[in-house]
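Hi everyone, thanks for making time this morning. Let me put the model up, and then we can walk through a few places in it together.

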Amino acid sequence: MAALISLSFGGAVGLMFLMLGCALPIYNQYWPLFVLFFYILSPIPYCIARRLVDDTDAMSNACKELAIFLTTGIVVSAFGLPIVFARARLIEWGACALVLTGNTVIFATILGFFLVFGSNDDFSWQQW
């Protein structure tokens, strides 16, 4: 129960930083909200690889490594997009810092979710 509450708190804090980077009156640009697509896309390769691969299969390492590679590319893109926006002067550098802080918190929350709830294959909602 404590893990679920802490993950919810982490997600709320991360989204708060993202919204502050967008909605504060000194920034007032909503371009950083495109980072939400990366939040949605980041767990997908690993979830697909976990469903497709049997642990006894010899090809499982290659499939998992490809999923981790794609996830890493998505995460790096999520950190790069606000920097590109700031360099192009679409957003201010302060907004970029808030979005990068939100990215760190959100991706740590996503990682925490997979570490806490992804360890067993017989996942059930009963353990909450």
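Residues 65-85 are 100% helix and 0% strand, with their end C-alpha atoms 30 Å apart; helices here are DSSP runs of H or I with at least four residues, strands are runs of E with at least two, and both are numbered from the N terminus. Please keep in mind that this is a predicted model, where local features need pLDDT of at least 70, side-chain atom pairs count only at pLDDT 80 or more, and totals for chains, interfaces and linings use all residues. Residues are numbered from 1 along each chain as its sequence is written, and side-chain values use heavy atoms, with hydrogens and water left out.

That span comes from UniProt, where an unreviewed entry gives "transmembrane region" at residues 7-27, 33-53, 65-85 and 91-117. Such annotations may be inferred rather than shown by experiment. Over residues 7-27, the chain is 81% helix and 0% strand, and 28 Å separates the end C-alpha atoms.

Now to a helix pair. How do α1 and α5 pack? Helix α1 (residues 2-23) and helix α5 (residues 93-117) meet at an angle of about 160°, with axes 7 Å apart. The axes are lines fitted to C-alpha atoms over the stretch in contact, and angles run from 0 to 180 degrees between N-to-C directions. That makes α1 roughly antiparallel to α5, a term for angles over 145 degrees. Contact means heavy atoms within 4.5 Å, and the residues making it include G10, G14 and F17 of α1 and G102, I106 and F113 of α5. By class, this contact has 15 nonpolar, eight polar and no charged residues; Gly counts as polar, while Ala, Val, Leu, Ile, Met, Phe, Trp, Tyr, Cys and Pro count as nonpolar, and Asp, Glu, Lys and Arg as charged.

Next, the loops. S42 sits between α2 (35-41) and α3 (44-52). Is S42 buried or exposed? Its relative accessibility is 3%, so S42 counts as buried, meaning under 20%, with exposed over 50% and partly exposed in between (1.4 Å probe, protein chains only). Beyond neighbours within four places in sequence, S42 contacts T71, I74, V75, F107 and I110.

Finally, backbone angles. Most residues other than glycine have a negative phi. N28, in the loop between α1 and α2, has a positive phi of about 50° and is partly exposed at 47% relative accessibility. R89, in the loop between α4 (60-87) and α5, has a positive phi near 60° and is exposed at 75%.

Terms used
Parallel < 35°, antiparallel > 145°, perpendicular 65-115°, else oblique.
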